[in-house]
Amino acid sequence: MKTLGQMFTDPTHQKYHIWQTIVTIFILASCVGLALETVSEFDAKYSEELEKLEWISVCIFTVDYIANLLYSEQKMKYAFSLWGIIDLVSILPSYLMLLNLTALQGTKVLRLLRVARVLRVLKLVRGAVETQTESNPIVSNLKIYLIIFFSVMMISSTAMYFVEGSLYSPENIEIGQKALDALAQPGQTPEQFIPKDPISGNPVPADKQFFTSIPTAMWWCIVTLTSTGYGDIYPVTVGGRLVAGITMFLGLVLFGILLNVVGKTLMVVLFGEKLKSDD
């Protein structure tokens, strides 16, 4: 029983690292699955496989959450801590969708629950921090940087897809077009539906509908994080530009962290032996 508890709570135990590796694999797999769900052609062809992957991942994360809660010395403190809330959020949306509650029938609510699953990527940061070693701090810091970069990219891309891309998703276009068709007079050609920014009310024309999937938004996010500017695609709504502004700020923060890691690495590589001899 003690060994089982160490597997979930003791970063120095070998089985803990094995379990964290399993959790990490399923976090990455679930993030890839979430992104591919937004590609309509891929989802139509592999929807069953993606759903199976999702529920296998949810089972793994549920075991992880319950075990951390049971074996924690301060259960309530863990439950209401940042990591405890993140662990709960990583599984709760899937169970809410499974319940098929009446209040969750709206397309926007269901899409929001699906997008909320991306927060499970933050579990990677938790694992990297907990397994950080002092024996090789440069490797540990670089690992943490790469995980944070991936987390920011995944969350920002998903947020951009939800905030702006969902406005011209196939489901939203279909619903909007049906509403216009219903208003058309008999014998009258209905207008073509053009999505609008819910905040400014400005239309989003077809040639500005860039964020049609999370993988597409990832390309925008990589360009934005590395150059603090827009590339060949850019947001046109108020919400999308707000997400872009936060992403550019995080890009500057990540660049500063990278410079710090690279600077320390160069100090060790170029001057490490000299500093030791001076001691």
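Student: Before we start, what should I know about the numbering and the atoms used?
Tutor: Residues count from 1 along each chain as its sequence is written, and side-chain values use heavy atoms, with hydrogens and water left out. Since it's a predicted model, local features need pLDDT of at least 70, side-chain atom pairs count only at pLDDT 80 or more, and totals for chains, interfaces and linings use all residues.

Student: How many helices and strands does the chain have?
Tutor: Helices (H or I, at least four residues) and strands (E, at least two) are DSSP runs, numbered from the N terminus. Going by that, the tally is 12 helices and 0 strands.

Student: What share of the residues is buried?
Tutor: Buried means under 20% relative accessible area, exposed over 50%, and partly exposed in between (1.4 Å probe, protein chains only). The chain has 279 residues, and the buried share of them is 35%.

Student: At which residue does helix α3 bend?
Tutor: A bend is the angle between axes fitted to the seven residues ending at a residue and the seven starting there. Helix α3 covers residues 40-71, and its bend of about 80 degrees sits at Tyr46.

Student: Which residue forms a salt bridge with Glu174?
Tutor: A salt bridge here is a side-chain nitrogen of Lys or Arg within 4 Å of a carboxyl oxygen of Asp or Glu. Glu174 is partly exposed at 44% relative accessible area. The closest N and O atoms are 3.3 Å apart, and the partner is Lys178.

Student: And which residue meets Asp207 in a salt bridge?
Tutor: Asp207 counts as exposed, at 53% relative accessibility. The N to O distance is 3.5 Å, and the residue is Lys208.

Student: How many salt bridges does that rule give?
Tutor: Side chains of opposite charge can pair when their charged atoms come close. Under the rule, the count is 2.

Student: Is Val253 buried or partly exposed?
Tutor: Val253 lies in helix α12, residues 238-278. Together with Phe249 and Ile257, Val253 forms a nonpolar patch on the surface, with about 260 Å² of accessible area (Shrake-Rupley method, 1.4 Å probe; for residues, only the protein chains shown count as cover). Patch members have over 30% relative accessible area and no salt bridge; like charges are joined within 9 Å, nonpolar side chains (Val, Leu, Ile, Met, Phe, Trp, Tyr) within 5 Å. With a relative accessibility of 37%, Val253 is partly exposed.
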